[in-house]
Amino acid sequence: MTSSYDLIIIGAGALGTFHAYHAAKAGRRVLLLEKDRYPVGATVRNFGQVVPSGLAGRWFEYGRRSLKIYQTIQQETDLTVRTNGTIYIASDADEWTLANELHDRYQRIGYTSELLTKAQCLAKYPSLKPDYVVGGIFFPQEMSVEPEQMVHRLIAFAQQKYGVDYRPGSVVVDARSDASGAIVTLSNRQQFQAGRVLICSGHEVRLLFPDVLADAGLVVSKLQMLLAEPVAGLSLPGNILTGLTIRRYEAFQECPSYANLTTQLPDHLAELKKWGIHILFKQAIDGSIIIGDSHEYAEATQAEDLGYHTQDFINDLMLAEARRIVTFPLTIKKTWAGFYSQTKDEIFEHDVDETIRIVTGIGGKGMSSGAGYAEESIRQWL
């Protein structure tokens, strides 16, 4: 048995790492275990957009808090955070109505947003096609990060600043309670003692507690995304989200006119909706352009049914819609599939017993709201 800890966290994605950061910052001795040599799951396979504006309920509040947490850490170490804003481009009158209603709502609660006319949108984003744009709603305080870099830098900061003991390549095969708290066993038979254990490993929780997974109601979402070559002279500031996103995101679903929108889907969007496609653009630091994404679903107990491949016809659907929106060439150099778990109850929180807790199924909200959620989670549990 090696030395003991106050808290062992299994899974070093954004959710697990932010829990480790907040616990260590609060003075707890934390061990963070990652089964792979470095995180390769949903945390590094997403857009890297921190967009609380699209969230609803408590997740909006967690997202709002997450912006401040990102800002605080960025002042001490470079997480690749850029406060360059988010815009949603409305492409028809229905979407523009929702943008106006969301703006009114955020004005009431003090979350800064700006309505932009068609002319203002085209002036700020000249690569948009004029016949697509009706207007836009802009959130200047929102952020972009580089997903393949952010979590690694966060882990390094938590190690250096707060003493988090991070051990990649540590495959956990057992977690069980004992008289002193809990014991975690690795595949090499190494064991660690802790007062408490937190499991943040997505649907891979099935490796430790298959019975819990079977009753959790978790669903795995498969997303397809594309990376386009840099275009000389092109600048796409911030996060660019489009009409299909307005039709999909929870914040807009709470607007008064959303019920009417769902019955008036234009014919050309029907196939896109079938595959959960909504078009987003984000330019990486190196100038390449991330485009996506789609959504396919399977029960977490049958996640393999989603396959590991990407489907060309889905990529073609996304590209066709993207080319309807922007004027610059899209030369695809890479495609990939991302997977994340989600639940109808917003997140899966389950106490195996008094010392072992499972937190997973945050869905696509982790980058935008995981930092704020983890802060409250640690405060309440520890």
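At what angle do H1 and H2 pack, and how far apart are their axes? The views below show a predicted model, in which local features need pLDDT of at least 70, side-chain atom pairs count only at pLDDT 80 or more, and totals for chains, interfaces and linings use all residues. Residues are numbered from 1 along each chain as its sequence is written, and side-chain values use heavy atoms, leaving out hydrogens and water.

**View A. Packing of H1 and H2.** The angle is about 70°, and the axes lie 14 Å apart. Axes are lines fitted to C-alpha atoms, for helices over the stretch in contact, with angles from 0 to 180 degrees between N-to-C directions. H1 is therefore roughly perpendicular to H2 (65 to 115 degrees). Phe18, Tyr21 and His22 of H1 meet Ile69, Tyr70 and Ile73 of H2 (contact: heavy atoms within 4.5 Å).

**View B. Helix H2, residues 57–74.** Helices are DSSP runs of H or I, at least four residues, and strands runs of E, at least two, numbered from the N terminus. At 1.5 Å a residue, the 18 residues should span 26 Å, which agrees with end C-alpha atoms 26 Å apart; the expected span is 1.5 Å times one less than the number of residues. Buried residues of H2 include Trp59, Phe60, Tyr62 and Leu67 (buried: under 20% relative accessible area, 1.4 Å probe, protein chains only). Among the elements covering them are helices H3 (93–109) and H12 (366–381).

**View C. Ile291 in strand S15.** The strand covers residues 289–292. Ile291 counts as buried because its relative accessibility is 0%. Not counting residues up to four places away in sequence, Ile291 touches Phe47, Met225 and Leu330, among others.

Conventions. Buried means under 20% relative accessible area, exposed over 50%, partly exposed in between (1.4 Å probe, protein chains only). Angles under 35 degrees count as roughly parallel, over 145 as roughly antiparallel, 65 to 115 as roughly perpendicular and the rest as oblique.
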